[in-house]
Amino acid sequence: MMRWAALLLAVTLAGCAGRGPSVPTGPATLWPDRMAALDLLDTWGLQGRLALKSPRESASGSVRWWQASDGFDLRVHGALGRGALRLTENIGGARLERSELPPIEAANANVLLADALPDTPLPMASLRYWVLGRPAPGEVQTRQLDADNRLALLRQDGWEIRYLEYQSVPPWVLPSKLRANRGDFELRLAIKRWMPGEHAP
């Protein structure tokens with residue numbers, strides 16, 4: 001009887017092991033493995049600094065960003081020359097809140113930003129992928145990897161993104177500094193802290 005119980009326990013444990021973990025078990029070193037690992041990171045938060053520069057203005061400030069599979073919550077303080085700013089998007093649409101201005105809404109963040117901040121072309125639909133060190137869905141013009149098979153340079157949708165530093169966020173390795181340019185517009189993001197799995201408060 002004891003022998004059958006032990007056999008049943010072994011079979012049960014083997015079945016559990018075959019289902020796979022919800023996160024990678026270790027850092028991915030090959031590009032396909034890195035992309036597969038990032039596929040598991042669909043909910044995250046970050047804290048850092050954002051700097052924007054255009055021929056007409058330049059500004060920098062702190063940023064907090066929570067991203068989920070069905071939307072995001074981006075909060076910026078001190079950048080865009082407009083004090084506090086909060087941009088949210090979910091399946092119901094997008095909403096922009098700014099200091100001393102009434103909130104405005106649109107079907108999505110890209111439409112909202114094009115109307116409200118035409119001089120600040122923030123590509124939110126792609127930036128959620130670029131900030132993780134991966135291309136956005138769609139055609140890629142240029143992709144260069146570094147010696148560790150991480151993105152070093154990406155050209156996509158008219159943007160050029162250079163990855164300047166990475167940091168270990170076990171079990172992932174994620175960008176800590178990146179610079180994105182499109183024409184005369186430049187966006188710099190320095191990420192102080194990654195928060196995998198964290199939802200907006």
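Contact here means heavy atoms within 4.5 Å, and the structure to which the exercises apply is a predicted model.

**Exercise 1.** Determine which residues of helix α2 are buried, on which side of the helix they lie, and what covers them.

*Solution.* Begin with burial: in α2, which spans residues 31–39, the buried residues are W31, R34, M35, A37 and L38. Next consider their directions around the axis; because they cover an arc of only 160°, these residues lie on the same side of α2. Then turn to the other side of the helix, where P32 and D39 are exposed. Finally, look for what covers the buried residues of α2, which includes the strands β7 (142–145), β8 (151–156) and β10 (172–182).

**Exercise 2.** Find how many aromatic pairs the whole structure holds, and describe the one formed by Y163 and Y166.

*Solution.* A search of the whole structure gives 5 aromatic pairs.

**Exercise 3.** Trace the place of W194 in the aromatic cluster and in the largest nonpolar core, and list what W194 touches.

*Solution.* First, W194 forms one aromatic cluster together with W44 and W65. Second, the largest nonpolar core has 48 residues, and those touching the most other members are W65, L87, M124, V131, L187 and W194. Third, leaving aside residues up to four places away in sequence, W194 touches W44, G45, L46, V131, L132, Q167, V169, L174 and P175.

Methods: Residues are numbered from 1 along each chain as its sequence is written. This is a predicted model: local features need pLDDT of at least 70, side-chain atom pairs count only at pLDDT 80 or more; totals for chains, interfaces and linings use all residues. Side-chain values use heavy atoms; hydrogens and water are left out. Buried means under 20% relative accessible area, exposed over 50%, partly exposed in between (1.4 Å probe, protein chains only). Helices (H or I, at least four residues) and strands (E, at least two) are DSSP runs, numbered from the N terminus. The arc is that of the directions from the helix axis to the C-beta atoms. Rings of Phe, Tyr and Trp (its six-membered ring) pair if their centres lie within 6.5 Å; planes under 30 degrees apart count as stacked, over 60 as edge-to-face and the rest as tilted. A nonpolar core is a set of buried Ala, Val, Leu, Ile, Met, Phe, Trp, Tyr and Cys residues joined through side-chain atoms within 4.5 Å.
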